[in-house]
Protein chains: 4
Amino acid sequence: MSITPFSTAPAAGTAWRRALAQRYDQVRACSLALAAPLSAEDQGVQSMPDASPTKWHLAHTSWFFEAVVLMPNDGGYRPFDERFLRLFNSYYESLGPRHPRPQRGLLTRPSLDEVQAYRAHVDAAMRGLIGSAGDTAWQALAPLVELGLNHEQQHQELILTDILHALSCNPMLPAYLPHEPPVLRLATPPPAQRWLAQEGGVREVGHGGAGFAFDNEGPRHQVLLQPYRIADRLVSCGDYEQFIADGGYRNPALWLSDGWAAVQAGGWQHPAYWLAPDDPRAPAGHWQVFGLSGVRPLDAAAPVAQLSFYEAAAYAEWAGARLPTEFEWEAAFDAPGIAQMTGQVWQWTRSSYDPYPGFRPWQGAVAEYNGKFMVGQVVLRGSSSATPDGHARPTYRNFFPPAARWQFSGLRLARDGTC
Amino acid sequence: MSITPFSTAPAAGTAWRRALAQRYDQVRACSLALAAPLSAEDQGVQSMPDASPTKWHLAHTSWFFEAVVLMPNDGGYRPFDERFLRLFNSYYESLGPRHPRPQRGLLTRPSLDEVQAYRAHVDAAMRGLIGSAGDTAWQALAPLVELGLNHEQQHQELILTDILHALSCNPMLPAYLPHEPPVLRLATPPPAQRWLAQEGGVREVGHGGAGFAFDNEGPRHQVLLQPYRIADRLVSCGDYEQFIADGGYRNPALWLSDGWAAVQAGGWQHPAYWLAPDDPRAPAGHWQVFGLSGVRPLDAAAPVAQLSFYEAAAYAEWAGARLPTEFEWEAAFDAPGIAQMTGQVWQWTRSSYDPYPGFRPWQGAVAEYNGKFMVGQVVLRGSSSATPDGHARPTYRNFFPPAARWQFSGLRLARDGTC
Amino acid sequence: MSITPFSTAPAAGTAWRRALAQRYDQVRACSLALAAPLSAEDQGVQSMPDASPTKWHLAHTSWFFEAVVLMPNDGGYRPFDERFLRLFNSYYESLGPRHPRPQRGLLTRPSLDEVQAYRAHVDAAMRGLIGSAGDTAWQALAPLVELGLNHEQQHQELILTDILHALSCNPMLPAYLPHEPPVLRLATPPPAQRWLAQEGGVREVGHGGAGFAFDNEGPRHQVLLQPYRIADRLVSCGDYEQFIADGGYRNPALWLSDGWAAVQAGGWQHPAYWLAPDDPRAPAGHWQVFGLSGVRPLDAAAPVAQLSFYEAAAYAEWAGARLPTEFEWEAAFDAPGIAQMTGQVWQWTRSSYDPYPGFRPWQGAVAEYNGKFMVGQVVLRGSSSATPDGHARPTYRNFFPPAARWQFSGLRLARDGTC
Amino acid sequence: MSITPFSTAPAAGTAWRRALAQRYDQVRACSLALAAPLSAEDQGVQSMPDASPTKWHLAHTSWFFEAVVLMPNDGGYRPFDERFLRLFNSYYESLGPRHPRPQRGLLTRPSLDEVQAYRAHVDAAMRGLIGSAGDTAWQALAPLVELGLNHEQQHQELILTDILHALSCNPMLPAYLPHEPPVLRLATPPPAQRWLAQEGGVREVGHGGAGFAFDNEGPRHQVLLQPYRIADRLVSCGDYEQFIADGGYRNPALWLSDGWAAVQAGGWQHPAYWLAPDDPRAPAGHWQVFGLSGVRPLDAAAPVAQLSFYEAAAYAEWAGARLPTEFEWEAAFDAPGIAQMTGQVWQWTRSSYDPYPGFRPWQGAVAEYNGKFMVGQVVLRGSSSATPDGHARPTYRNFFPPAARWQFSGLRLARDGTC
């Protein structure tokens, strides 16, 4: 398997190799830390075909290093268990057959203990390879290691979104982390949203500089933007509560056709993790929101999350606005006065997930990483409170189907023109 | 809730009460013993809507004592957790709303530890109630305790059938009990089957005497049988192998219409737990069978199991015979020379599961125990190797939909006439 | 193909042959008469997989004569169109591949004109064969002709039930025969139902005498009945209205488990063809019923129809009664005072559709006629207002799945004991 | 209902009004002419939820004039049948409830005769309104009439695509127009494809001038294109045959992820209307294609059609190329040497169907015309052999879900860079 280097230009020398080795340990440890509050039972559950068990995430991220880094590059490597190559392949057709995705939750074996041993086995081999690879080999290896770590960070966020979905299916609504201090319901509304005017014109977008980026972020290229305005902050739960109160979920004129069909088929009346005041699971007389800390009173100032694209687009329509395109979003990343661009919620854009001009996937097995999903999905920008530190970039293109409503996904408004 | 006594006529006095208390401990301990070889991960998995997690079985059988015995009869009883009343109700409409059956596998909480504590809580209360109930109360209570124990024994068999199904979905085919001595492939075929002629005429069937029986086994009544012959033994794996070799799964003329549709829709080519000689999960060059001890060579003398009614009926057609009716089966229970009537596999009969003349369900919550399932199902008689000791009776009516193929279910042949 | 004669013992001689020829013409003409009020558009529609277009019924009944009578017995016969052998085979595996049942409504070609020409082609050949067959051949042929005519009569009833279902899917609720005089809503309730006591004991059931019967009606045999009472009349619409008013569709305690699931999944609140007083399609302020003459006021004295077995069984439970078994029904056929046994609605019994002792299907292609459906269905007895004259018999066993609610199917009550 | 004028700037005066009246008659007559080769049976069939019966198209296009033009603008207009307002509304939420789309084929009533009378009723009223409207009213009316005619033209193409799909479901593969001269299989391959280099830079796209356009074609705006090459001709059946022969349908590396899933779920091995050499419906020993004239030998020079986007994208990948974006396609519309841009097959682009900068839907009921479908679909450009004359424009944006394969849809290749 021939894998071409990424755009990242690795600094030469031992220092950089040491830095990557250290980062490897940090990222790998972080996955286990995220799993730590969960029992083995919790880590085995799969609540829908689109979500995966924590244990599977822990194993799959190890499989990625095994199948993409170790086996092609370390002649002495012995797989921990040949059968895992099939069990923990996610979607790489070129790497052989896979266990069916909707049946990941049936894998009570290997046990969590065995998966942890698998991780340790891979870690030992990875540390050996990082330490011992010749300089030439290292030039080819380092980008793959970097990719593996970014891949694992993506799954770290999925560990949280997927377990949160599983816990939301339990009528007792147990918390992932029950001991966090409760968020009080804020009496004061969030500060008024302000519009930031952007001039438009030819702008550069996409990743083109140093450092790691996924293939779908390039090539860097010029786009021509019309003048627009973008909101300085995210749409808050308080904002969204008004949309609900105004009958937003009952007015088809606000919705895209597929969105309205989803509202009716699913009986949607509010975001997936909101509890109406009279919800029988935890009646409170006021809105509540289920999250990683369990059921908490709705915080009017917090960004609304776990929204589908359909809901985001309907809200924007109701607000007399629209969603920004992904390029408008990127061009405004450093706009004076703009806030909450990262670290809160992923922000649905009004851009379908299409390839950039000149896009070519990476070569080799990792060609399947991003490109083959470029139809039927919508781009989200920014990052969320569940995104690992250091993983976000202004050029980052996250994507999900428009009906997905179990991610930390919300929205920011935009409008045409500058006044 | 007023519950009428069962047909069982409890002997008076302390001795009988002590015996039932002892039996309570034995049966309850048996459930835990069956779960003991399984990890908490194993005990949480649900592999299809028709199957339940081991942990759910452990909790539901406790819920039954709580909801049917303790709460209506023990004024001082406090439920372990009010929410469990909903989580672990199986199908009793009169006892309130229930957690949806297909989502039992999503209940990672309560944990296995908590479920075990729930069992202990119920056990303590049950022991107290058995010990302290006045004699009059005891007359009403004892049949319910007896029912609860028989109910738990039914779920003990389901613990095994359901976990076996879950393990069968794992491509590694792990064993429930790996350390059992392997069964060798017997070189000698099973002894030839003999036909036992039965005279027919008016026979008494159904339960009518002392001892516990489910409501669906009565009333005892007369039926008129035509002369028939019944096989002295079960159909063996060796017999069934010939059916496969003769193209049994490819010949629609042998199958009921719904059965042939199931063959085609499911791609059936052999019993669900048989592995063809070239099965990629464990290629061996000869037939193998997956069971509680894992994958073992096919034992030609062992009764064929995990058959659907459709397969049983097709086999009988191929063999120029038919299945016995449930009354023919019961009338032949003590026929001279007959073997393998219990303790091997449940035996599909050619009787749909209809009510007996004069059948009335029990009253109260347990009215829903059996009667409401009396349509669309087929009667099985006997008992299996997974049935707890002492649970079988000649009048026992087990029932499953005709497509079910994850039980320890096989067949015995019958024919019209006596010669 | 070797086809054995039926139990019918054909009288020798020309007279009988002439009578059958005459009957052939009458039955065949009747099918066309039933189709006559329908446009070609009406005759092409298929409203659900379980129903078939009128045109398909017209063609399939001709195919039956072609494939079962003409092709095996008339060396000179040429099929009208070889492709029709596939298009109009219903479910006979032994007669080759078939057009998928759910796609019968897509066959806009052959046109209705061509199907009528097909009928004429078959009729001409049939008349020729009936007239010219040698006496020996006739002995084998006559039973097949008789079967073909009874088969066609079954489809005549299906022509009506299936088109009625299709018309019921049209929000304009058009009538099959709009010009029939309207039935007025009767102010007087139906006469009180009386119980007719039956003694029980050994009774003969099943067909055993002269004349045509389907294979599933035999062998004639003895059954042992317990004493019972049977209602002298059918349950009327007025009776059923009380069940609805008493919350029958909201009380799970009345329903079989599968029935209650059907109520909830389908939102059942009344029989399928009843219109509630505020139905938007034809609001009237009182109950109405859709039938072959369109929407008419509910006739309290008319038998309730288009009921599923689930609804029939729930009504009986609500009424403190039960359904008769098929043998109880047959034994009471000539009971003094009994009424409405035939010609009104088919009557659901409490008997699953199992084979009689000693049952063997006919041989040859027609072996598939009845036997292969003997699981998962429920027996109905009697006949309906849509059954052709002369087609009913006391031993007739009609059968449908328990959820079927588009037939002319209702119920009669029974009870245990004689007092 | 207030409806704003379209961008079209109607010339004043009687001449233009007369021209539109004439065009009304022509367009309306064309629909009937397209339906003329079809029997009433043919015109009633619906072969899948995404397709509609011919009769429904005839009625719906009349409903559009009735509901959008006549009822809001002609005080004296009386609907032909109030019930048709519901039956023939397609998807306009603001115009009231609708008959469910998948059940359009169940509407055997109104009959085809009645639908034709409905058309005549609407035509008379429309002619009256066009002739009598005052000049001010005319300014508002004329754009709606123009829209209604363009709407009807869209349905004219759907009449052909939908009936072709229905006929393709008939195993006899009947022809829409059997008497057309057969196309011979061309021995000579199509001329080699040439690449036309396009410079890129800032280009104007979208509709902005005079004449009718749909709202989704505007606003006209600038886009920035990278240099690219575009094929001078469409991909032909001969080209596509090589893709199949090279294992294109068996190589997951060529397919988008959703596309590969569709290949596997649907068993795709070639375009939907191609017949493999051994197809049992019409075995010929060579490839054939089913079309409006029935089954014909594959014409290697003809554009491949009835392709899904998935197949188009996989072909492009196999050819070492890609699909053009919709803007690249539009910018090359008049490129020297380019051919087959319209009148052959709609051409899938690599552009998801997103709104243009500044897009706002029309107001009033017709706001639902285009905008609400702007997610999850892919843009096609050009027009097909089934598109009515005069209906195509360089700015026209057709759109379908990526799995749709019953349209006259093919592809043209593109590549990055100019050399």
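Modeller: Helices (H or I, at least four residues) and strands (E, at least two) are DSSP runs, numbered from the N terminus. Just after α9(C), C:Gly320 takes a positive phi of about 70 degrees. This is a predicted model, in which local features need pLDDT of at least 70, side-chain atom pairs count only at pLDDT 80 or more, and totals for chains, interfaces and linings use all residues. Residues are numbered from 1 along each chain as its sequence is written, chains are lettered from A and ligands numbered from 1 in the order in which they are written, and side-chain values use heavy atoms, with hydrogens and water left out.

Colleague: What makes helix α9 of chain C mostly covered?

Modeller: Buried means under 20% relative accessible area, exposed over 50%, and partly exposed in between (1.4 Å probe, protein chains only). Eight of the ten residues in α9(C), residues 309–318, are buried; among them are C:Phe309, C:Tyr310 and C:Tyr315. The buried residues pack against α7, α8, β8 and β9 of chain C, where contact means heavy atoms within 4.5 Å.

Colleague: Why is C:Gln306 called buried, and what is its phi?

Modeller: The relative accessible area of C:Gln306 is 5%, so the residue is buried. Its phi is positive, about 55 degrees, although C:Gln306 is not a glycine. C:Gln306 lies in the loop between β7 and α9 of chain C.

Colleague: Why does B:Gln340 count as partly exposed?

Modeller: B:Gln340 has 26% relative accessibility and therefore counts as partly exposed. Phi of B:Gln340 is near 60 degrees, again a positive value in a residue other than glycine. Most residues other than glycine have a negative phi, and most peptide bonds are trans.

Colleague: Why are α7(D) and α9(D) called roughly perpendicular?

Modeller: Their axes, lines fitted to C-alpha atoms over the stretch in contact, with angles running from 0 to 180 degrees between N-to-C directions, come within 11 Å and cross at roughly 80 degrees. Angles under 35 degrees count as roughly parallel, over 145 as roughly antiparallel, 65 to 115 as roughly perpendicular and the rest as oblique. The two helices are therefore roughly perpendicular.
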